[in-house]
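This report is intended for a reader who is meeting the structure for the first time. Please view the sequence and the model together before reading on.

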Amino acid sequence: MSDLYRMSLAALVKGLKNKEYSVTEAVKSCLARIEATEPRLNACISVLGEQALARAAEMDAQGPPAANAAEAAPLWGVPMGLKDIISLKGCRNTCASRFMEDFVPFYDAEVTARLKKAGAVFLVKNNLDEFAMGSTTENSCFGRVGNPWDLGRVSGGSSGGSAASVVAGQVFASLGTDTGGSIRQPAAMTGCVGLKPTYGRVSRYGVVAFGSSFDQVGPLARNVEDCARVFEVIAGPDHKDAASARTDLYPDNLPEQDCLDKTLEGKGKEPGDVLKGVRIGVPEEFWGAGLDAEVEGCAMSPLKKLEEHGATLLPVSLPSQKYALAVYYIMSSAEASTNLARFDGVRYGRRARQPKDLLDLYYSSRSQGFGEEVQRRIMLGTFALSAGYYDAYYRKAAQIRRLLRNDFDRALDLASGGCHVLLAPASPKTAWTAGLYEADPLTTYKMDLLTITLNLVGLPGLCLPAGLGKETKMPVGLQIMGRPFDEAAMLRLGAVIERLTPDIGLPGALDGALDER
Amino acid sequence: MSVAKWETVIGLEVHVQIKTASKLFCRCPNKFGGEPNTRICPVCSGMPGALPSLNSRAVALAVRTGLALGCRINLHSVFSRKSYFYPDLPGGFQTSQLEPPICETGRFVLNTRNMPGAHRQNPEIRINRIHMEDDAGKCIHATDSASLVDLNRAGTPLVEIVTEPDFRSPAEAAEFMRQLRQLLLYLDITDGNMEEGSMRCDVNISLRPFHEGGGGKFGVRSEVKNLNSFASIQEAAEYEEERQRDALESGQALEQETRHFDPDSGSTWAMRSKEGAPDYRYFPNPDLPPVVFTQSFVDEIAAALPERQEARFKRYTGELGLHAEEAGILVGSAALAGYFEAALALQPSPKRTAGLILGNFLPECSRREVEPAALMADHFPPARLAHTVAMLEQGKVSLRVLQDLFRELLDGTDEIETLAEKRGLLQVSDSSALEKAVLDAIAANPDEAAQYRGGKTKLLSFFVGQVMRVTKGAGNPALINELLKKHLER
Amino acid sequence: MSVSKERVLYTSRLGRLNLTEGLDGAEADAKLEEFARRMDEIVGYMDILQEADTTGIEPMFSPMSLAAPPRPDEVLQEYGREEVMAGAPEQSDGFFVVPRVL
């Protein structure tokens, strides 16, 4: 039973319900895997071994819920991770920041509460870029996360810990947050499946805010079906998040509950049946200059397969894309600069020792507590909102954001022959060597070019492996961009792509150690 | 009297705490005071990951305020973040409305009836805007080295009413505040408790050379912050008037600045900021959708607005024949006036109804330290009030018996006549039963009877008292009078 | 648009950041120079925005849609003072304590 950790989440759930093995065994298998891979991978900030085993014992004593129970508990006994920016009551929530090293929330995030109710067992809090600001998970006060395929390379970010943890078999799924690609890009770089839901689909309550109009919580898992299973649990309206969408009001919405069914449909039916009449847009701005050849080649191969099986590929143009990076960094940093104002050393978190006065308390606590990248974003955002610059930067950016959304609405307007989804790579490069762009923030920002746009326009994105790059032998991710609240259709298509694409398997870089044991 | 050289120009920004059950963006109770930091939660204490959720009642009350002040109501308004650091501001920003606010361009006619010597009669004060925002917590400056922070008040819903610079004297500004408070109390928008900071005001004041008929360019203004009494508004404005006049007349340049008022010395002082003009970096709060509602929502609130206070007062003192004091108390609150009128719809005795409310009901509310609204709803709805009045009117119970049994009446479900009957206190209007008591009283007090017959008719009340005592207040006073006269004057 | 050292300092004061925390003299100066240079580069890149024609375009501050109406005015007290203040760096008699304001 020691290699339970290798199973899919779906298979694990089935086995647990049939009592083929116990929750305790599942948890122990993951804990052994964590012990074998940490701290080299460094994907975890907290490992909640004791609590998880205690919870597992309780669950085993009670036994799995009856199949017809009112509380369906679809994730009963599943060991899971949470990005360490998502509140879990009683467990420190560090945001990978020195400022928050000792902060223990007394409340659960809404997503955490929903997963608890569904029977998930939280095993780890995953490493991340400080306050989710970064694309490599190198900006963490707990050190950088290694890529399970090659520990010398980055895992992507900012949910790099969640992605690495899932791929390395430490947990069956983890939650990440995606403000500009922070779920999709690490999923691409580590070869797992990550979903950024439509803005408003998943509650943000209890998730430490970065860019409030961008942030979405979503699952990272080892296949599309597992991803859908977690998504169904966390999605849906929450009155504590005012931006949460009344999805029942959406005209052509498929409710959260249909996502798994659609995914299974994609898994089960002939690809040709699913793809009949499906129009897939190929946005030229996402496939043009700037892509490494191995990424372009690898990401394109599933598209060809889809066409062979009856889908229609259509060239699409999103002309405002060239402004996306600037719009993103202005608006997300502006929001972040005010979201991070609450970290002042008054009510919680780090307080500088013996401040001279109140101002000194603010300056010292914040400057000692925040890392360089966080300070840079606060500076950029504060600048963009300050007197005399608001109209030229912030307001102007918000206008272009509208133009971008108009581009997408046109491309995805089914009534006038638009596409069901758009497909694009999720990163211009495969995972690069750690430290490569350390001193060059602007170049690092430019690596986000392919993922930030969906956050600007609020649309959903599903990233899944397209294969391994020819040069680097590192995973390449393909991104499905969908219509608002149309996650179900994207997951279904994702399941088809998964079937048409050779499995990249699990990485070998970490396994030497395990065999030695 | 010399011709004034300077004209004072004042505008007010009034912050009003509004009467909701919960705070503006979270469900903590909206209540004054309490043990420090006992009414806080992740949202109003600015915990990481907490999110605001707007209180619909606050929106309705802001619209009600706007309608009462003749404003245009915006069907689409936006909350913004206003950023600054202060220990009583847990999020690092206040959530306020910049553009557009919920209400704009209203008017208020200032009644100068109570302002002897006013320069102007009933001037019209234009309202620039009304917006919603959350209150900060409180800093207490405890020692030389430390301040204490209590966040119970953080997140209390406020409406800020901003006037145009339409006041021409400190007295007008203070009187506006009084009348505004009356209006908002009447409409049950605020508890209006000045000592507890339910209404606070910033005074913007400047002087300009006086021209006949007014007008001309505004002078450099100062803003005196956070005044919470009528007297301090007037004193602070008067102090500023004098300070600015002295400066202008001695040729000093005035600076646009923020000042604080010290009520002990009656003077203001400038708060020097090292950082120059504040840069609040307003932008729309991405956590809150725009506040959007339909015209029919506004129309419903407008339809529920009560008759204007003054019209009601006139009707009560005229048509209904109430005393001015009685009418004044009843129209002090639309809820109370509504209560009175609801009971009046069920029986025809305005004076007795008013008497019961003012003489029995309100004193009992104060004794129990509860809001009249609560007691009205739970214990003494208009129908019971009307029924009790009818019992008095029909002579079933006497006022004195009502007085004695009123608490019991409120606490139970028995009506007054049932309570009186159980105690044998139903008013006796049967003349044969009373006649015996009357004859006994005369027989027992022969001296007084002789004096009465000798012309000292004031003694009648002595005999009434005697009979009342014997009947424990249950005798019908009119009948007792009649019977006493009959037998004494025989 | 170029970002001067003065602008950087002004901005850092608004954000209550001391960019040269723990440094002084020449080191602090160099750090600030470097920061201004990086920020100028980033802001310089942002100037691409000025090329876009946005005449008459309504700003989109958030992609929020289908938001629920405001919540009912109901009280819920879920947390005690001990919980909320458990992480306070300094407290006394139920108050948060800070260095004296003003």
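## Basis of the model

This is a predicted model, in which local features need pLDDT of at least 70 and side-chain atom pairs count only at pLDDT 80 or more, while totals for chains, interfaces and linings use all residues. Residues are numbered from 1 along each chain as its sequence is written, and chains are lettered from A and ligands numbered from 1 in the order in which they are written.

## Contacts with chain A

Chain A is in contact with chain C through 60 residues of chain A and 43 residues of chain C. Two residues are in contact if their C-beta atoms, placed from the backbone, lie within 7 Å. On the side of chain C that touches chain A, two or more residues come from each of helix 1 (5–14), helix 2 (25–46), helix 3 (81–85) and strand 2 (95–99) of chain C. Helix 2 of chain C gives the most to this side, namely six residues. Helices (H or I, at least four residues) and strands (E, at least two) are DSSP runs, numbered from the N terminus. By class, this side of chain C has 28 nonpolar, eight polar and seven charged residues.

Chain B also touches chain A: 25 residues of chain B are in contact with 31 residues of chain A. The side of chain B that touches chain A has 14 nonpolar, seven polar and four charged residues. Here Ala, Val, Leu, Ile, Met, Phe, Trp, Tyr, Cys and Pro count as nonpolar, Asp, Glu, Lys and Arg as charged, and the others, Gly among them, as polar.

An open sheet is formed by four strands in the order 8(B)-9(B)-2(C)-1(C), with antiparallel pairing. Strand 8 (138–141) of chain B and strand 1 (91–92) of chain C stand at the edges, each with a single partner strand, so one side of each has no neighbour in the sheet. Strands pair if DSSP finds at least two bridges between them.

Strand 1 and strand 2 of chain C pair in the antiparallel sense over two bridges. C:Ser92 stands opposite C:Phe95, which is in strand 2 of chain C.

## Chain B and B:Arg107

Chain B is divided into domain 1 (6–295), domain 2 (306–422) and domain 3 (431–488), with bounds from an automatic or database domain assignment. The C-alpha centres of domain 1 and domain 3 of chain B lie 65 Å apart.

B:Arg107 belongs to strand 6 (residues 103–109) of chain B. Leaving aside neighbours within four places in sequence, B:Arg107 is in contact with B:Gly70, B:Glu124, B:Ile125, B:Arg126 and B:Ile127.
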